[in-house]
Each structure stands twice: as C-alpha cells, then as structure tokens.
Amino acid sequence: MPVVVVDVVLKPEILDPQGQAILGAVNRLGIAGVTSVRQGKHFELDVADDFDDEAVATLADSLLSNPVIETFTIHRP
Amino acid sequence: MAVRVGVVTFPGSLDDRDALRAIEFAGGVGVPLWHADPDLQGVDAVILPGGFSYGDYLRCGAIARYAPVMASVVAGAKDGLPVLGICNGFQVLCESHLLPGALIRNDHRRFVCRDQALRMLNTTSRWTSAYRPDQVITIPIKNGEGGYVADAATLDKLERDGRIVARYVHGNPNGSYRDIAGVTNKAGNVVGLMPHPEHAVESLTGPGTDGLGFFLSLIGVRDEVDA
C-alpha cells in the first residue's frame with residue numbers, strides 16, 4: 001500500500017509561539033547558530049493505489065491543514 | 001413564545017451547562033444538542049460552547065467542524081440562523097469558515113484565566129444589540145489558544161465593514177491581532193467571541209452580569225444591560 005506524506009507548516013506571517021519556545025530551549029542548551037525555529041505537523045498516510053495527489057490535496061486542504069494559517073506539501077517517499 | 005436556543009455538546013465541551021443556564025437567565029429556553037445528531041430540534045439559535053472538543057486534536061475545532069451536527073449548523077447559519085461560538089466554539093466557527101481568520105496559541109505561551117475588559121464595537125449583530133457602541137464590559141477569559149490571526153487584508157476589511165464585535169482593552173490577553181476579541185459574519189447572525197459571557201450572568205459566580213447582554217440581544221430584550 002503506497003505511503004504519502006503531508007507536511008503542514010504555518011504561513012510565514014503567522015506567529016509561531018511553539019517555535020519560539022523551541023528556539024528558547026535551543027539557546028538554553030548552549031547550541032549556537034540557530035536563529036529561528038518554525039514547527040509544523042507531519043502526516044504519514046497509507047493510501048489506496050489509486051488515491052492520487054489531487055485526492056491527497058483535497059484532504060490536506062479540508063482537514064489536515066487550515067488554509068487560513070497554514071500551507072502543506074505532499075511527498076511520496 | 002419563548003425563544004429556544006440549542007447548545008451543542010461535543011466530546012470535551014466544558015461550558016455547555018453554563019451556556020444553557022445563561023439562556024434561561026435571559027428568559028429563553030435552553031435545548032441541549034448532541035454532536036453526533038444532525039437534528040437541531042427546530043431551535044431558533046445555536047450556541048457552540050467553550051471547552052476542548054475532541055481534545056483539541058489536530059487543531060482546536062478542526063475535528064468538531066466535521067461532527068454530524070455541524071452540517072446542520074453550517075447550513076442553518078448560511079440561511080440566517082443565529083449562531084454564537086464562545087471560545088472553543090469560536091475556533092469551530094473559524095475552522096468551519098463561517099467566520100474569517102483563525103485562533104492560535106497565545107503569544108506568551110501560557111494559559112490565561114482572568115476577568116477581561118472588552119470594548120463593544122459592533123452592536124447591530126444578532127448577539128450584541130443589547131450593548132451600546134463603545135460600551136466597556138468585563139467578562140472572564142480562559143484560553144490557551146485564543147490568539148486571533150488573519151492576514152492584513154482580512155483584518156482591514158473586518159474593520160472597514162464594522163465586523164469586529166469587541167476588542168480587548170486594558171491589556172491584550174493572548175496576542176490577538178489588533179486586539180480582536182470577537183468578530184461577526186457579514187449578515188450579523190454568526191458571532192465568535194473568545195471570552196466567556198456565559199460565565200458573567202450573575203454576580204454571585206462571576207465578575208458581574210455584563211455577559212447577559214449577548215443572550216438578551218438574541219432573545220429580544222433591548223437596553224437592559226447598563227454596565
């Protein structure tokens with residue numbers, strides 16, 4: 001059964017408080033060189049052979065992401 | 001005949017009982033509705049209450065949006081049914097695209113729970129007509145993901161069209177863009193609000209009775225609220 005991956009991230013103009021908290025932890029770890037963290041969601045779907053990218057996009061647009069604040073990308077590993 | 005107002009209970013709703021009680025305080029009849037039942041039982045209006053529907057999984061309100069009852073609520077709202085979403089209910093209305101924008105984690109990353117002052121702006125919607133323009137009211141707010149966001153063009157349009165129901169004053173509790181606490185749709189029948197008017201309908205258990213106006217507005221009693 002094919003696997004399809006959908007990654008969802010906040011749009012650049014939307015504040016990401018969780019990403020900021022992660023960046024704070026990175027700094028507290030003493031790791032230098034990281035200037036920004038944006039966090040998102042990663043979905044792995046087992047799909048039928050004929051479940052094409054258009055069908056995935058419909059699902060991603062209606063449920064997996066909120067198009068008001070997020071964008072998504074589809075990968076087939 | 002008394003106005004019948006449905007209150008939807010989703011798995012994880014918290015404030016459904018208080019919303020039903022607020023309706024009764026305002027002289028209406030509260031009708032419990034169930035997330036899995038698309039039958040709205042002929043109610044005159046619907047409230048989507050606060051809480052953590054479906055555990056806030058995926059995004060706040062994202063799963064509730066597809067509950068069977070919501071198909072009826074969305075269809076009704078498009079036909080003019082008054083719908084008020086409070087807190088998690090506001091999140092559900094945004095996820096349903098009945099209202100523009102979205103609600104994200106508070107900018108300070110802490111849960112906020114306090115009495116909050118609001119300036120009422122749109123007082124012509126179905127849920128706010130009992131208030132005066134620029135009236136300042138105080139009702140509780142309690143949320144972890146109450147930051148109202150939308151792109152600049154949407155925010156400009158909301159301001160231009162007078163669709164901002166209320167703004168936070170004396171401090172923004174959650175990082176909401178332009179201090180927005182609540183918005184309405186173009187027709188004025190759908191209102192989303194992050195603070196909780198249903199927790200401010202009697203002085204014994206809340207900061208006062210400033211919240212009652214949302215329910216009185218719907219039920220048809222005007223000029224009763226004088227905060």
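**Figure 1. Who lines the largest pocket of this predicted model?** Sorted by class, the lining of the largest pocket holds eleven nonpolar, five polar and eight charged residues. Please keep in mind that the model is a predicted one. The space inside the largest pocket comes to about 420 Å³. A total of 24 residues line the largest pocket, and those lying nearest its centre are A:Q18, A:K41, A:E70, B:R59 and B:E145. Two or more lining residues each come from β1 (3-10), α1 (17-28) and β2 (40-46) of chain A, and also from α3 (88-95) and β5 (102-104) of chain B.

**Figure 2. A look into the second largest pocket, with a volume of about 180 Å³.** Here 17 residues form the lining, and B:G51, B:F52, B:F111, B:N143 and B:G144 lie nearest the centre of the pocket. The elements that give two or more residues to this lining are α3 and β7 (136-143) of chain B. By class, the lining of the second largest pocket divides into five nonpolar, seven polar and five charged residues.

**Figure 3. Helices α1 and α5 of chain B pack against each other.** This view brings together helix α1 (residues 16-25) and helix α5 (residues 212-219) of chain B, whose axes lie 9 Å apart at an angle of about 60 degrees. Are the two helices parallel or oblique to each other? With that angle, α1(B) and α5(B) are therefore oblique. Their crossing is right-handed.

**Figure 4. Zooming in on the contact of α1(B) with α5(B).** From α1(B) come B:A22, B:I23 and B:F25, and they meet B:L212, B:F215 and B:I219 of α5(B). In this contact, six residues are nonpolar, with no polar and no charged ones.

Methods: Residues are numbered from 1 along each chain as its sequence is written. Chains are lettered from A and ligands numbered from 1 in the order in which they are written. This is a predicted model: local features need pLDDT of at least 70, side-chain atom pairs count only at pLDDT 80 or more; totals for chains, interfaces and linings use all residues. Side-chain values use heavy atoms; hydrogens and water are left out. On a 1 Å grid over the protein atoms alone, a cavity is a set of points where a 1.4 Å probe fits but cannot get out, and a pocket is an open set with protein on both sides within 12 Å along at least five of seven lines; lining residues have an atom within 4 Å of a point. Grid points are joined across faces, edges and corners, and a volume is the space filled by probe spheres set on the points. Helices (H or I, at least four residues) and strands (E, at least two) are DSSP runs, numbered from the N terminus. Ala, Val, Leu, Ile, Met, Phe, Trp, Tyr, Cys and Pro count as nonpolar, Asp, Glu, Lys and Arg as charged, and the others, Gly among them, as polar. Axes are lines fitted to C-alpha atoms, for helices over the stretch in contact, and angles run from 0 to 180 degrees between N-to-C directions. Angles under 35 degrees count as roughly parallel, over 145 as roughly antiparallel, 65 to 115 as roughly perpendicular and the rest as oblique. A crossing is left-handed if the near helix is turned anticlockwise from the far one by less than a right angle, and right-handed if clockwise. Contact means heavy atoms within 4.5 Å.
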